[in-house]
Protein chains: 2
Amino acid sequence: MRAETDTAAYPITPRNRVKRMHERGSYDRQAVHAILDAAMLCNVAYVIDGQPYATPTLFWRKGDTLYWHGSSASRMLRHLKAGTPACLTVAHLDGLVLARSGFNHSANYRSAMCFGTARLVEDSDEKIEAMRDVVDRFYPGRSALLRPITSQEAKATTIIAMPIDEAAAKVRAKGVGDDEADFALPIWAGVIPVTTVLGAVETCPRLVEGVEPPEMLGLFPPGARLDTSLLAGQDAYEDA
Amino acid sequence: MRAETDTAAYPITPRNRVKRMHERGSYDRQAVHAILDAAMLCNVAYVIDGQPYATPTLFWRKGDTLYWHGSSASRMLRHLKAGTPACLTVAHLDGLVLARSGFNHSANYRSAMCFGTARLVEDSDEKIEAMRDVVDRFYPGRSALLRPITSQEAKATTIIAMPIDEAAAKVRAKGVGDDEADFALPIWAGVIPVTTVLGAVETCPRLVEGVEPPEMLGLFPPGARLDTSLLAGQDAYEDA
């Protein structure tokens, strides 16, 4: 279930205000969270010595804080105790939109951009908790069934945290948007839907005999949409 | 067909060198292009007044130059004739990897990061050519069948170009990578494959009677993988 306290909108500032196609934008916290929680991969933008980096990485959300694993920024962050500005973006492609003019060709999508200050998680307990969270957020209840995290693994893991200061969602979810006069042209137009789906589970060939699949695998049935499964996983993780 | 001249590797510099999990990295031009060409959506990172932005957007490749539509950076670019450093990233999620320890949980993916200097396309002919290219790259031969681009549309369109100076691909495509000792544990492990697929075409309800679907729709059969269709589209566009 989506958290009921999640009702406030994010503040609108020059940083997160949707400029291009602003009518597709929203600052609603639940709308932003629903787009984030439907994803496993994001892109994080940092600046290192004036150079921007867009790094694709797994991420997870806990309340209003986003987490991800170490990256090219972690060396920089070690020297920046106050943190550094970052932008974490998620985008889902939902359809290809073929119009009667080149100009009106488009795509259906759901995207969210989040802005904040990224900091290194350095406290050892906080880090071990985050390492459990990333498992349980995607696979509810799984961390308790695993071989425990060793202190060496915690040392070798870099985790970055970013409270969301500002965010915006942007969505296009409709049919062909041709100019009114163009609808009369004898040109084919339409939408090709796109979905990201799960395949049949490939059990590890080295599984110990007799080990049964865990219950939470039921969240990932073959043919299901990935976004639906990930949303359900986040809900189960928040309810636990 | 993949271009045969595409053989040289990109130079390796501190900017594009793969640091985390470097054994998954490659600087091979064909490997980078194959990951780019399998995608429609990318993330572009810019810096504006010290703030990084990761903007999700459609993009296309022509030779060694990447193009995308205007964004929050276009206002800035208008004032920066020499261009500005940017990073364009593509990531495909191919599978969820559930290991016997939290530490070895992972994902299968293909990603490409490209670095260069982004500039505004201001020449009107170059802009109209780019507006045709983006249609033909995704839908080979389609621009010739459409209502032509108007000069007003060209004026209203912002296009950004970035020759690729450096790039890196990073791929994980394998099963569970547990520690050797952990394989003996009675814990379930496996991979859940993820694919992005096409649905049945939704023809525009306002289509003029008797208009037939274009031949290139054959590149997008229902149930096909999006990445396969997009790669085939790029090949047909390059061969045209």
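Leaving aside its neighbours within four places in sequence, which residues is A:Gly177 in contact with? I looked this up first: A:Asn104 and A:Arg172, where contact means heavy atoms within 4.5 Å.

**Ground rules.** I'm working on a predicted model, where local features need pLDDT of at least 70, side-chain atom pairs count only at pLDDT 80 or more, and totals for chains, interfaces and linings use all residues. Residues are numbered from 1 along each chain as its sequence is written, chains are lettered from A and ligands numbered from 1 in the order in which they are written, and side-chain values use heavy atoms, with hydrogens and water left out.

**A:Gly177, continued.** I found this glycine in the loop between β8 (166-172) and β9 (190-198) of chain A. Strands here are DSSP runs of E, at least two residues, and helices are runs of H or I, at least four residues, numbered from the N terminus. A:Gly177 has a relative accessible area of 30%, so I noted it as partly exposed. My cut-offs: buried is under 20%, exposed is over 50%, and partly exposed is in between, using a 1.4 Å probe and protein chains only. I also checked A:Val97, which is 80 residues away along the chain; its C-alpha is 8.6 Å from that of A:Gly177.

**A:Glu209.** This one is in the loop between β10 (202-203) and α5 (226-239) of chain A. With a relative accessible area of 82%, A:Glu209 is exposed.

**Chain A as a whole.** I counted 5 helices and 10 strands. The C-alpha atoms fill a box of roughly 65 × 50 × 35 Å along the principal axes. Of the 240 residues, 57% count as buried. Taking contacts between residues at least 6 apart in sequence, I get 74% joining residues at least 24 apart. Accessible surface comes to about 10,200 Å², with 55% of that belonging to carbon and sulfur atoms; the areas are Shrake-Rupley with a 1.4 Å probe, and for residues only the protein chains shown count as cover.

**Strand β4 of chain B.** Is this strand buried or exposed? I find 5 of the 5 residues (65-69) buried, so β4(B) is largely enclosed by the rest of the structure. Both faces are covered: B:Thr65, B:Tyr67 and B:His69 are buried on one side, B:Leu66 and B:Trp68 on the other.

Next I looked at its partners; two strands pair if DSSP finds at least two bridges between them. β3 (residues 51-62) runs antiparallel to β4(B), joined by 4 bridges. One such link I traced has B:Arg61 with B:Leu66 as its bridge partner. The two strands make a hairpin with 2 residues between them, and B:Gly63 in the turn has a positive phi of about 60°. β7 (residues 159-163) also pairs with β4(B) in the antiparallel sense, over 5 bridges. There, B:Thr65 stands opposite B:Pro163.

**The two copies.** I laid chain B on chain A: RMSD 0.0 Å, a turn of 180° and a shift of 0.0 Å along the axis. The copies are therefore related as by a two-fold rotation axis. The superposition is least squares on the C-alpha atoms of residues with pLDDT of at least 70 in both. The same surface serves both copies, as 100% of the contact residues of chain B recur in chain A. Which residue of chain B comes closest to the rotation axis? I get B:Thr196, with its C-alpha at 2.0 Å.
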